[in-house]
Amino acid sequence: MMAQSKALLVLENFIGGKFIPCSSYIDSYNPSTGDVYCKVPDSGKEEVEAAVKAAKDAFPIWSSKSPWERSQILNKLADLIEHDLEAFAQAESKDQGKTITFARTVDIPRAVYNFRFFASSILHHITECTEMATMGCVHYTSRAPVGVAGLISPWNLPLYLLTWKIAPAIACGNTVVAKPSEMTSVTAWMMCKLLEKAGVPHGVVNIVFGTGAKAGEALVCHPDVPLVSFTGSTLTAQRIREKSAPHCKRLSLELGGKNPAIIFDDADLSQCIPTTLRSSFSNQGEICLCTSRIFVQRGIYSEFLKRFVAEAKKWKTGNPSDPTVDVGALISKEHLEKVRNYVKKAQAEGARVLCGEGVDALDLPPGNQKGYFMLPTVIAEVKDESCCMQEEIFGPVTCVVAFDTEEEVIKRANGVKYGLAATVWSNNVGRVHRVAHRLQSGLVWTNCWLVRDLNLPFGGMKASGIGREGAKDSYEFFTEVKTITIKH
Ligand code: NAD
């Protein structure tokens, strides 16, 4: 299963319960050293075809199992991943560049929880029933799995987001063909090794590795894949909508963000500052929910900025496997360049870079000199129309600007094409409700960030997505509903 060539890790597709080598491979880099350390299958139509066939063949048996039987298997898989949590965390950190601490405390525990959560929630759904006494009729709804689900996930939270799709899809009785990001495929491949032991029948979960252009598009265009759940960029989602349109596929699209934090002058800064640092720089700022526009009411602007920058400078950037490090490596050389260019553009427009990129020196261990690192960067005096305030940067860069009134800040916060997550800081209950209702944002956190109840809908408005995920929402997406009328 695990072949070693020149000490490189070589991954294989997982189709119909078997690991299958591919005819060509893509290099995968360790972002913290810049070295190629892994070969990822460069799959295309042929591999996707085989995977969809395996998933189709497995569907009749899997979909006819009771929710309770499927639930037990999901729980077993969760136990097995949890048992290997440290190995998964090490692999995720090496593959993605994230800190070992983040992988240990966020990514892998959440992957485990995704399976446990849907193992439980699938047992608790009820369907609707109405009575039309005058007609002698009762109506009720029944829900059934749809078929083969295509699941496509990004590189920022690899196993976390992949399992957030696999778990509800198979809990509902679908079979799946999943394609993780070509840049972060290792933990998905490790999970495949546990499926049989967990009792997942062959063909229920198939994983095809490769690029979006080849493997991803082959999956999206396959006529026997009636639904596609995608998390990634808005640009790729546009392409997926175009390509899937001739087949009228059901799509769930979780996309980018340009998330505001709105800090009113009555905010508790002792809570707000550390949380806003986390919301800006966690996972190197590579989370769709990260804050990248901080609006601070003018009365506390100077104090906030001084304290925020002083604290940002304390975040340690370096070797992700060092447990004292707060900021690891960015995903790739190209992505690092892209993020750096945003800072340069802001400077060229007259904004002030207060710390980080171009201002402070990186101090990296000898083994990490070629890694893709960048210091947490705070930019002030940026115009709202600047690309740094409008476009998703997806790196450790945050912009801080001042505002005067509630009315003004709502307008400015809504003045971007995205609408994923917003954060509001105030002790005025009336105000937090008012502002939350008026923000164009799928999620609004007040006086906190990233506190999630998986029961409730997750997803974005505007260019941040279509559809929602969560206990009820994922159940509705991954099942087909039917209304049945009985006359007595
Ligand atoms: P991406 O769109 O480049 O890639 C995402 C996935 O789609 C990858 O597996 C990729 O191989 C695949 N893909 C690319 N082109 C494809 C095509 N033509 N057809 C089918 N599949 C294709 O995104 P990324 O750079 O991997 O991830 C970062 C983006 O994801 C950011 O915009 C971020 O905000 C977003 N994101 C959103 C959420 C959310 O829940 N809303 C969560 C995490 C990340």
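Biologist: How many residues of strand 13 are buried?

Modeller: Keep in mind that this is a predicted model. Buried means under 20% relative accessible area. By that test strand 13 is mostly covered, with four of its five residues buried.

Biologist: Which strand is joined to strand 13, and by how many bridges?

Modeller: Strand 12, residues 227–231, runs parallel to strand 13, and five bridges join them. Within that pair, Phe230 stands opposite Leu253.

Biologist: Now take one residue there. Is Glu254 buried or exposed?

Modeller: Glu254 sits in strand 13, which spans residues 250–254. Its relative accessible area is 3%, so Glu254 is buried.

Biologist: What does the UniProt annotation say about Glu254?

Modeller: An unreviewed UniProt entry places the annotation "active site" on Glu254. Such annotations may be inferred rather than shown by experiment.

Biologist: Which residues does the domain annotation in UniProt cover?

Modeller: The unreviewed entry gives "domain: Aldehyde dehydrogenase" for residues 24–484. In the model, that span is 41% helix and 21% strand. Its end C-alpha atoms lie 50 Å apart.

Biologist: And which domains does the domain assignment give?

Modeller: Two are listed for the protein chain. Domain 1 is 9–255 + 464–487, and domain 2 is 259–446. Their centres, taken over C-alpha atoms, are separated by 31 Å. To read the boundary, count residues on both sides: 23 residues of domain 1 are in contact with 30 residues of domain 2.

Biologist: Let us turn to cores. What is the general idea?

Modeller: In soluble globular proteins, nonpolar side chains tend to be buried together.

Biologist: How many residues has the largest nonpolar core here, and where does it lie?

Modeller: The largest nonpolar core holds 76 residues. Ile81, Phe115, Ile166, Val205, Ile207 and Leu289 have the most contacts inside it. Both domain 1 and domain 2 give residues to this core, so it lies between them. There is also a second, separate core of 31 residues, which includes Val343, Val397, Val401 and Leu439.

Biologist: Which residues does Leu289 touch?

Modeller: Leave out residues up to four places away in sequence. Leu289 then touches Asn259, Leu420, Ala421, Leu443, Trp445, Trp449, Leu450 and Phe458.

Biologist: How do I read a sheet? What is the strand order in the open sheet of seven strands?

Modeller: Write the strands as they stand side by side, then check the pairing sense. The order is 16-17-18-15-14-20-21, and the pairing is mixed. Strand 16 (352–355) and strand 21 (443–446) are at the edges, with a single partner strand each, so one side of each has no neighbour in the sheet. On average, neighbouring strands are turned by 25° against each other, direction ignored.

Biologist: In which sense do strand 15 and strand 18 pair?

Modeller: Strand 15, residues 291–297, and strand 18, residues 397–403, pair in the parallel sense over five bridges. Phe295 stands opposite Val401 in strand 18.

Biologist: Which strands does helix 10 touch as it packs on the sheet?

Modeller: Helix 10, residues 298–312, touches strand 14, strand 15, strand 16, strand 17 and strand 18. Its direction makes about 140° with that of strand 15. Helix 13, residues 406–413, packs on the sheet too, touching strand 14, strand 15 and strand 18. The direction of helix 13 makes about 150° with that of strand 18.

Notes
Residues numbered from 1 in each chain as written. Predicted model: local features only at pLDDT ≥ 70, side-chain atom pairs only at ≥ 80, totals over all residues. Heavy atoms only, no water. Helix = DSSP H or I, 4+ residues; strand = E, 2+ residues; numbered from the N terminus. Buried < 20%, exposed > 50% of the residue type's maximum accessible area, 1.4 Å probe, protein only. Core = buried A, V, L, I, M, F, W, Y, C linked by side-chain atoms within 4.5 Å. Domains from an automatic or database assignment. Contact = heavy atoms within 4.5 Å. Pairing = 2+ DSSP bridges. Axes fitted to C-alpha atoms, helices over the stretch in contact; angles between N-to-C directions.
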